[in-house]
Structures are given as C-alpha cells and as structure tokens.
Amino acid sequence: MTPGALWIITMSGICIVIQSSVTAVHLRNMEHFITAVTHLEDLNPGLSPLALVTSLCKIADQSDSLTHDLVGSSDNRGDIHYENNTFITEQMNINHNLSNFLDEVTHHFITNDHDQRGVVLTPDGTTVALAPLLLGLEYGLRANEASNQPHGFYLLPLAKYLGMSFLQFGNATPPERLGLDGCWDSVSAPMVFTLSGVPSLATDALVHGGMDGAILGKHLSVVNSSEVNLSTLLRSYYLGTMEELDHDLSTHLRGRYRRENFKKITNLSLLQEKVADALHSHQQKGDLGVESLMEKGIKDFMLRYMECPAIIPRCMWGAAPPLVPLNPLSPPLPFLYIHHTAIPSKPCRSLQMCSKNMRAMQHFHQKGRGWYDIGYSFVVGSDGYIYEGRGWMSVGAHTKGHNTVGYGVAFIGNYTAHLPAQYDMELVHHHLVKCGVNNGFLQENFTILGHRQVVAGTECPGESLYSEITTWEHYKDTDPFK
C-alpha cells in the first residue's frame, strides 16, 4: 500500500492520526483486529505479551498523564519511527500495511458528523472502543509483574472516561451524561459507525471497551503471564460461540457476559473511588459539588450498564421502518405480558440467526397480519441478548385489548415442552423489569401475566414457560380484567 499523508490534530490532549490515502479495505470488526494481533505475534515471536500490548497502546496514543502515573513514563514505553518502510518501536516490528490498519482502528475520536472512529463490531452485535480495552490489558499485565497491585487498578481506564463525562455535563440528565449507542453502515461489512445523537465523553462503545479492559486486565493480573497469548485470549473472549458454552457464568470469560462479570469485580464505592483517582488533576479534594456529580453519575452508570440488560437495537438486526408512525405509550405501565414466538420454534444462538428471526417475524406481522411493525415490545434470543421491538415508548401489537397498558416480551422458540435457558429468563425477570421500573417505564407494583391469561384461545407462552412464570415475583394467578 502506498502511504498517504498523515494529519496530526490535537484536541483536549487527545492525539488523532488520520490517514489521508488508504487503498486497502480493512473492515472494522473484532475478527480483523484479532487477526492483526496474530500477525504481530507472528512477526515478533520473542515479544512478551506486555511488550506487545504496550506497543499497541503507544500506537493508539494511550500515553496520557494517567497512564504515565500508573504504568510508568513514556520513556519506558518505546518510541515510534519508520525504517525501510517498517514501523518500529523499541520493542516491536510491524509492516506498513499493518501499522496503517492499527492507526485507523485504535485511535478514538468522533467526527463532526457524529461518526465514532476507533471502534469495532463484535460478532455478538456489541460495538467496542479498542483504546480503553488495550489500556486495561496493559494495566493487568503490568500489575502481574508488580509486587503490590493497587486496589481496583483495572477500573482506571474506564473511570477516566466516566469522570470526564460527568464533569462535562454536570447536572444534565443521564442520557447526556452517559452513552450513546449508534448504527453501523453494514453489519456484515462494517466500516462506519454513526452515533444516534449528540454523544457524551463516555459513549457505549467506550464503556464496553473499558469494561472489557477491566475484566480482562484483572484476569491477566493473576494468571501465569508466560502462558498468555493475547490473540488467543481475545479470540476466546469475543469470538466464542454459544455452542461452545453453557450458562455457568462463573467459568466463562466471554464478551457477551460482560455485565455479569463486571459486577463481580466492582461496586459503587470502589468505582467512585477510582473515578476520583482518575480525575485527581481536574478537581480539588473535598469539592462537594464534584463529589456529588461523581456519586450521581456512578449510580446512573450502574443502572444503565450493570442492572439493565444489553439490548440489540433495531438497526443491528436489520429492522424495516414502521409502516406508519407508532402511537406513543404513557408510562409507567402496570403490566408485562410474557409470550413465546412458537414460530420460529427453535431458539436462536447467534446475532445472525436471531436477526434473521426478527426480520422474519416483522415481515409476517407487517405483511401477513397487516400490522404496522413487529408486534412485540422486546424479544429474547438465546444468544445472551434482548432485541428491541417497538421498545419502551411505542404501543405494541402483542396482547389484543391490552397493548396500551403493558409491554409484550416474547422468547424466541416454542416452550410448550421445555424451558428457555435460565440465563435468558433471568434477563427478563431480574434485569429488564428492574430497568423498566428504575427508568419509569413500569410501575413499581407492576404485574406479570402470561398471554393466555388475558387473551382467549391461545396456549402462549407454552405450558412449560407459563408454569415457570407462575413462580416469578410480580406474577398474579388471576385475570385482573374479569
């Protein structure tokens, strides 16, 4: 590839490198990034995992004052230069094509058009910023070599983004203080990720990268570092399929379980402490206003990213637009209705299969039944995720006669003779409902009902699933409409 000119722009201490001429096409997905890491390992067979990830952090320009204070000065992290068309640090050799790709895929910034760069799409539908992920890996490997590991060190990369976002927006509402998500130009061949509005300094992708960096960093701090292979670790974490897993979360270091695994390594007070540490140069000790912002911001973070389930947005599963504008709901609503899809009759265990099922159901609902959109508010896959249907704010078409007073949640599959996976059911009756109540969508004393309880002539949600929901909190065994 012919190298193009490099433009260097510095904004708020962040160095952005933009390649002006790129002839090769490198998709912005996690598979391509992990392949690049594998190539680096092949080019540098004697390089330690710490030296490799340190060089990657240098390429990603993760050399700010926080990094210097906590993992050593830049003098120990290598300088970057070219020799004979080869990109070289003090520790790593890399060819020019590979260096261009890593330049583009690891440098994080947001354009004026709200395109977010430095992010990749994972196979399960999550968008992850690589810079905080890499920094978390470096922290973990450095802590592995240290005699004393600072308490909660693995949280600092994420804490930096959270703290700056809290300070930027002050007392703004949580959607401005944290987030947001966006859509890729193509799920199968992703190149451009566009945010859905005005972003905070802690977008969903940055938070995902920070959480993954914390989880993997803590893991790397205690394992035998001589046995670590970065590409193998990343491939297992991000590319493992559901067929390779059961739902025993205690043994699974997987990206699709980031929220559950992150909850195991932190709590409100520890995260608040690390945010304060990360912002030590931006605040004065004892500043009650800043401390109040931090406390409220961390509570918002814990609700959004630790209590609420991850929801795959419509653009990720390829939804067609509603045929007409949907009528709005007036939350908080008093009911949650449980369904099974029956058709598709089998659980879906990947983003590709669940998305295909979602599109098929939407097509049937719109074309076969004459509805304006997919009928359900939310749909539960067997891939560890909930899929957005009509969502929290639009009237559904799921429970005839009751669509304006409740949300319809359907499990993909036929659950007449067997149950959905325990993890999938917990996503609904532990996380989705708590998220709905805390965000004002569901009433605190809401009622869970099976579809069959309020609509005559249906066995939905199947005998096995219906028997199960009778044991759930908030279930009522009588028809409240009689």
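Start by selecting helix α2, residues 49-59, together with helix α5, residues 130-145: in this predicted model the two pack at an angle of about 145°, with axes 9 Å apart. Their crossing is left-handed.

Now show side chains. On the α2 side, pick P49, L50, V53, T54, L56 and C57; on the α5 side, pick L134, L135, L137, E138, L141, R142 and E145. Together these make the contact between the helices. What kinds of residues are they, nonpolar, polar or charged? Nine are nonpolar, one is polar and three are charged.

Next stop, the sheet. Select the six strands and trace them in the order β12-β15-β14-β16-β13-β17. The sheet is open, and its pairing is mixed. At the edges sit β12 (311-312) and β17 (442-450), each with pairing on one side only.

Zoom in on β14, residues 378-380, and β16, residues 406-411. These two run parallel and are joined by three bridges. Click V380 and look across to β16: the residue opposite is F411.

Helix α14 (residues 351-368) touches β12, β14 and β15 (386-388), and its direction makes about 40° with that of β15.

Technical notes:
Residues numbered from 1 in each chain as written. Predicted model: local features only at pLDDT ≥ 70, side-chain atom pairs only at ≥ 80, totals over all residues. Heavy atoms only, no water. Pairing = 2+ DSSP bridges. Helix = DSSP H or I, 4+ residues; strand = E, 2+ residues; numbered from the N terminus. Contact = heavy atoms within 4.5 Å. Axes fitted to C-alpha atoms, helices over the stretch in contact; angles between N-to-C directions. Left-handed = near helix turned anticlockwise from the far one by under 90°. Nonpolar A, V, L, I, M, F, W, Y, C, P; charged D, E, K, R; others polar.
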